[in-house]
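Open the model in your viewer and keep the selection panel at hand. The tour below goes stop by stop.

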Amino acid sequence: MDDAEHRADLTVWAVGAALPGIFPELACGRPAGQVSYYLDSPALPCGPGAPAWLDLGRAMYGIGALSGAGVKVVPDVEAPPGVPPASPPELPGAARAYLRQRFPALAGAPVLAAETCTYTTTENEEFVLGRHPAAPTVWLVGGDSGHGFKNAPAWGSYVCDVLEGKTSPHPRWRLRPRATTR
Ligand SMILES: Cc1cc2nc3c(=O)[nH]c(=O)nc-3n(C[C@H](O)[C@H](O)[C@H](O)COP(=O)(O)OP(=O)(O)OC[C@H]3O[C@@H](n4cnc5c(N)ncnc54)[C@H](O)[C@@H]3O)c2cc1C
């Protein structure tokens, strides 16, 4: 890097959960968090072949143990962004009760680790993709609402098509000024 001024034909801000803080004047989401727990279950067939599961009605989801990380169990509730989980980590009581009912063999499994997932959530849980209203060569991309990883190949390819002018961005992802009154 040097101190010279550099000009670009196109500038893309795809900075994840930092996006709302850098562009507070635009409705491009807000940082949110969610805590994932990894349970020890050596005796269970919860390895790479185990299916991921999502219980929308009970707001819980998880995946089998991958790369020795333990079985992932996540209460689908929002936590403060960027705040590490309590140490030592312990699964909330409601999640333990859920496991006792749905996955009895995991009910007493010790927690190996926990981590806070920080992401950007939007009002409608849609992605964000649009030109900055005051700078037409500046694009903002983000608003993953916690689903950016699995959607990355398709979303990334679509974003490239938009940036290269091959297609127009769908209005559902548009940027707009943030409302000043509630
Ligand atoms: C623990 C955890 C678990 C998750 N689990 C899942 C899951 O199971 N499924 C799923 O689909 N998604 C999951 N997610 C969410 C997923 O990771 C995000 O949706 C995705 O990473 C968002 O992609 P992004 O490229 O928009 O942002 P990021 O991946 O956050 O990338 C943004 C990049 O911008 C850089 N940056 C930030 N500020 C600046 C700046 N001012 N200047 C320059 N660079 C900057 C950052 O360093 C980073 O490299 C999880 C996230 C976490 C943290």
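This is a predicted model: local features need pLDDT of at least 70, side-chain atom pairs count only at pLDDT 80 or more; totals for chains, interfaces and linings use all residues.

Residues are numbered from 1 along each chain as its sequence is written, and side-chain values use heavy atoms, with hydrogens and water left out.

**Stop 1: aromatic pairs**

The whole structure holds seven aromatic pairs. Rings of Phe, Tyr and Trp (its six-membered ring) pair if their centres lie within 6.5 Å; planes under 30 degrees apart count as stacked, over 60 as edge-to-face and the rest as tilted.

Select Trp-53 and Tyr-98. Their rings are stacked, 6.1 Å centre to centre with 15° between the planes. The pair links distant parts of the chain: Trp-53 sits in strand β3 (residues 53–55) and Tyr-98 in helix α2 (residues 93–102), 45 residues apart. Helices (H or I, at least four residues) and strands (E, at least two) are DSSP runs, numbered from the N terminus. Trp-53 and Tyr-98 are both buried. Buried means under 20% relative accessible area, exposed over 50%, partly exposed in between (1.4 Å probe, protein chains only).

Next, select Trp-155 and Tyr-158. Ring centres 5.9 Å apart and planes at 25° make this pair stacked. The two residues are three apart in helix α3 (residues 148–163), about one helical turn. Trp-155 is buried at 14% relative accessible area, whereas Tyr-158 is partly exposed at 22%.

Ring pairs link Phe-127, Trp-155, Tyr-158 and Trp-173 into a cluster.

**Stop 2: the largest pocket**

A pocket here is an open set of points on a 1 Å grid over the protein atoms alone, where a 1.4 Å probe fits, with protein on both sides within 12 Å along at least five of seven lines; lining residues have an atom within 4 Å of a point.

Select Gln-34, Tyr-61, Gly-146, His-147 and Lys-150. Of the 34 lining residues, these lie nearest the centre of the largest pocket. Now colour by element: β6 gives the most to this lining, with six residues.

**Stop 3: cysteines**

How many disulfides are there? The count is zero, with a disulfide taken as a pair of cysteine sulfur atoms within 2.5 Å.

Select Cys-28. Its closest cysteine sulfur, in Cys-117, is 18 Å away, too far for a bond. Cys-28 is buried, at 0% relative accessible area.

Finish at Cys-160. Its sulfur is 20 Å from the closest cysteine sulfur, in Cys-28, too far for a bond. Cys-160 is partly exposed, at 41% relative accessibility.
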